[in-house]
Amino acid sequence: MALATYNGNFQKVGTGQLYLAAAPAADPGSGTLASTIDGYYAMFYQDAAAKKIIKTGVYPYCNLTADGLSQKVKPSTVEFDYNNGPKTKMLAGIDEATVEFAFYDVDAAHLKDVFGLDASDVIAVSAAAGKAGRKIAAIGANANYNNVVALFRMNSVLVPGEFDHFMWPLASFIPEIDVKLSKK
């Protein structure tokens, strides 16, 4: 078995951008794993194979805090008791995967996405004399929690001009709102 070896040059430091797209209803590829992966990347990139130029009209979703994001994957295991050896835990799949991030630019449009609100749940108040225009997101039990494809990309530290990617092909928001208003 060939195992990976130590690489002292590989340090994940730097900024990154989070992109979101609506989850497709069907396989975005042609049935093979490679084509499916390229199909997901094609939702964001002009050339899914090169993964360099973001499509026109695709923008980073939000302004992440300096903490960036964190990913946790909890494997699903099965315990097997051998007749001629000790019990062993074997990987049986992924039980849970979470990505956590905080962002600064919380507004009605972002709350609409996060809570899966319908367009009718966002109320537009027109500006008038002595009254500023605004949008109000009505959050309640009607939340849909839409599925999305999430892509986080950051400049590669190993290959200048390239990007490192993390993609979650079927994600949904479980929002925890913690709004902090301060001088900072």
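**View 1. An open sheet of three strands, in the order 1-6-7, has antiparallel pairing.** Its edge strands, each pairing on one side only, are strand 1 (16-22) and strand 7 (163-172). On average, neighbouring strands of this sheet are turned by 20° against each other, direction ignored. Strands (E, at least two residues) and helices (H or I, at least four) are DSSP runs numbered from the N terminus, and two strands pair if DSSP finds at least two bridges between them. Axes are lines fitted to C-alpha atoms, for helices over the stretch in contact, with angles from 0 to 180 degrees between N-to-C directions. The model is predicted: local features need pLDDT of at least 70 and side-chain atom pairs count only at pLDDT 80 or more, while totals for chains, interfaces and linings use all residues. Residues are numbered from 1 along each chain as its sequence is written, and side-chain values use heavy atoms, leaving out hydrogens and water.

**View 2. Strand 6 (residues 147-155) is joined to strand 7 by eight bridges.** The two run antiparallel, and Met 154 has Asp 164 in strand 7 as its bridge partner. Strand 1 and strand 6, also antiparallel, are joined by seven bridges; here Leu 20 is partnered by Ala 150 of strand 6. Seven of the nine residues of strand 6 are buried, so this strand is largely enclosed by the rest of the structure (buried: under 20% relative accessible area, 1.4 Å probe, protein chains only).

**View 3. Helix 1 (residues 33-41) lies across strand 6 and strand 7.** The helix runs at about 95° to strand 7; contact means heavy atoms within 4.5 Å.

**View 4. The largest pocket holds about 1,400 Å³ of space.** A pocket is an open set of points on a 1 Å grid over the protein atoms alone where a 1.4 Å probe fits, with protein on both sides within 12 Å along at least five of seven lines; lining residues have an atom within 4 Å of a point. Of its 33 lining residues, Glu 100, Phe 101, Ala 102, Phe 103 and Glu 176 lie nearest the centre. Strand 3 supplies the largest share of the lining, eight residues.

**View 5. The second largest pocket has a volume of about 180 Å³.** Its lining comprises 16 residues, with Thr 15, Gly 16, Leu 64, Thr 65 and Gly 68 nearest the centre. Strand 1, strand 2 and strand 6 each give two or more residues to this lining, and strand 2 gives the most, five.

Terms used
Buried means under 20% relative accessible area, exposed over 50%, partly exposed in between (1.4 Å probe, protein chains only). Grid points are joined across faces, edges and corners, and a volume is the space filled by probe spheres set on the points.
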